[in-house]
Amino acid sequence: MRIGNLAGRLIILTDNGALDVARASAGRFGPEPQAIYPQWREFLAWAADVSDAGAELYELESLRAPAPAPRQSFGIGLNYRDHVAESGFAVPDQPSVFTKFPSCLTGPFSDVVLPAGGHTDWEVELVAVIGTTARNVSAADAWSHVAGLTVGQDISERISQLAGSPPQFSLGKSFPGFGPTGPWLVTIDEFANPDDLELGCSVNGDQMQKARTSYLIISVPQLIAKMSAVVTLLPGDIIFTGTPAGVGMGREPQRWLAPGDEIVSYVEGIGELRQRCVAG
Ligand code: ZN
């Protein structure tokens with residue numbers, strides 16, 4: 001199943017268009033996309049045999065983030081070996097966890113305002129959305145706590161990300177508009193193997209990143225196990241799981257986003273994001 005956020009209302013994406021969940025359920029489930037995750041099991045049970053008779057055509061550009069206001073929004077640094085190498089760091093033996101503060105989150109089709117004087121960079125990522133509370137979860141059980149997967153861009157301003165000693169990543173990755181996700185959430189049962197999905201991104205049509213999530217150093221289930229040993233992962237929380245090689249910082253010469261650039265990001269089996277860069 002695919003669910004989405006159509007101009008602020010929760011929808012199920014069907015072959016016949018968008019089914020408004022609040023209307024189709026006669027109010028059993030509310031219209032707010034973020035509110036569905038604490039009711040995830042009940043929602044899945046109801047959605048399993050809902051009719052798509054009320055589905056309507058919709059404008060792709062009206063889609064917003066499938067989990068627009070998580071209580072916790074995590075990013076994982078240095079989680080693909082080729083990206084670790086281009087970054088000049090050592091391979092971490094524990095997840096390198098930072099926050100993308102939720103105020104930076106936007107939807108699949110958005111503008112990215114480039115901070116003046118900054119070095120703004122792209123990072124395509126698989127994003128996992130938590131469906132049921134995860135605390136001390138084993139890797140073997142981890143996928144059952146995930147509502148689904150979506151595409152994310154962990155847009156990063158490298159000067160502020162790497163300033164200070166030790167550097168702290170969270171602020172430089174949390175400027176407004178630096179967390180596009182979407183275009184919808186795809187539930188785990190839709191994937192033949194959710195641990196092996198191609199992902200990539202292009203800038204102005206030039207492919208910059210291309211990899212598979214099977215190359216993750218710490219897989220999604222392992223991340224959930226390690227993170228939930230410390231923090232309680234809450235329904236609707238999101239995890240940006242790391243980016244592969246090909247970011248602007250790792251190129252020779254380095255390349256930063258400029259006004260007018262268009263970033264297109266995709267994950268196999270999900271869909272794509274489109275971001276337009278504008279001057280700050
Ligand atoms: Zn990242």
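The following legends describe close-up views of a predicted model.

**Figure 1. The largest cavity and its volume.** The count of cavities of 30 Å³ or more comes to one. The largest cavity has a volume of about 100 Å³. Its lining is made up of 17 residues, and the closest to the centre are Gly-77, Leu-78, His-83, Glu-123 and Phe-169. Strand 5 (73-77), helix 3 (81-87) and helix 5 (158-162) are the elements that each give two or more residues to this lining.

Figure 2. The lining of the largest cavity contains six nonpolar, seven polar and four charged residues. Glu-123, one of the residues closest to the centre of the cavity, also takes part in a salt bridge with Arg-158.

**Figure 3. The salt bridge between Lys-100 and Asp-154.** Side chains of opposite charge can pair when their charged atoms come close. In this view, the side chains of Lys-100 and Asp-154 meet in a salt bridge, with a distance of 2.7 Å from N to O. The pair links distant parts of the chain, 54 residues apart. Lys-100 lies in the loop between strand 6 (96-99) and strand 7 (105-106), whereas Asp-154 lies in the loop between strand 11 (146-153) and strand 12 (156-157). Lys-100 has a relative accessible area of 0% and is therefore buried. Asp-154 is likewise buried, because its relative accessible area is 0%.

**Figure 4. The salt bridge between Glu-123 and Arg-158.** The closest N and O atoms of this pair are 2.9 Å apart. Glu-123 belongs to the loop between strand 9 (120-121) and strand 10 (124-130), and Arg-158 belongs to helix 5. The two residues are 35 residues apart, and the pair links distant parts of the chain. Both Glu-123 and Arg-158 are buried.

**Figure 5. The salt bridge between Asp-196 and Arg-212.** The side chains of Asp-196 and Arg-212 meet at 2.7 Å, N to O. Asp-196 counts as partly exposed because its relative accessibility is 26%. Arg-212, with a relative accessible area of 25%, is also partly exposed.

**Figure 6. A network of salt bridges.** The structure holds eleven salt bridges. Salt bridges that share partners join Lys-100, Asp-121, Glu-123, Asp-154, Arg-158 and Lys-173 into one network.

Key
Residues numbered from 1 in each chain as written. Predicted model: local features only at pLDDT ≥ 70, side-chain atom pairs only at ≥ 80, totals over all residues. Heavy atoms only, no water. 1 Å grid on protein atoms, 1.4 Å probe; cavity = no way out; pocket = protein on both sides within 12 Å on 5 of 7 lines; lining within 4 Å. Points joined across faces, edges and corners; volume = space filled by probe spheres on them. Helix = DSSP H or I, 4+ residues; strand = E, 2+ residues; numbered from the N terminus. Nonpolar A, V, L, I, M, F, W, Y, C, P; charged D, E, K, R; others polar. Salt bridge = Lys/Arg side-chain N within 4 Å of Asp/Glu carboxyl O. Buried < 20%, exposed > 50% of the residue type's maximum accessible area, 1.4 Å probe, protein only.
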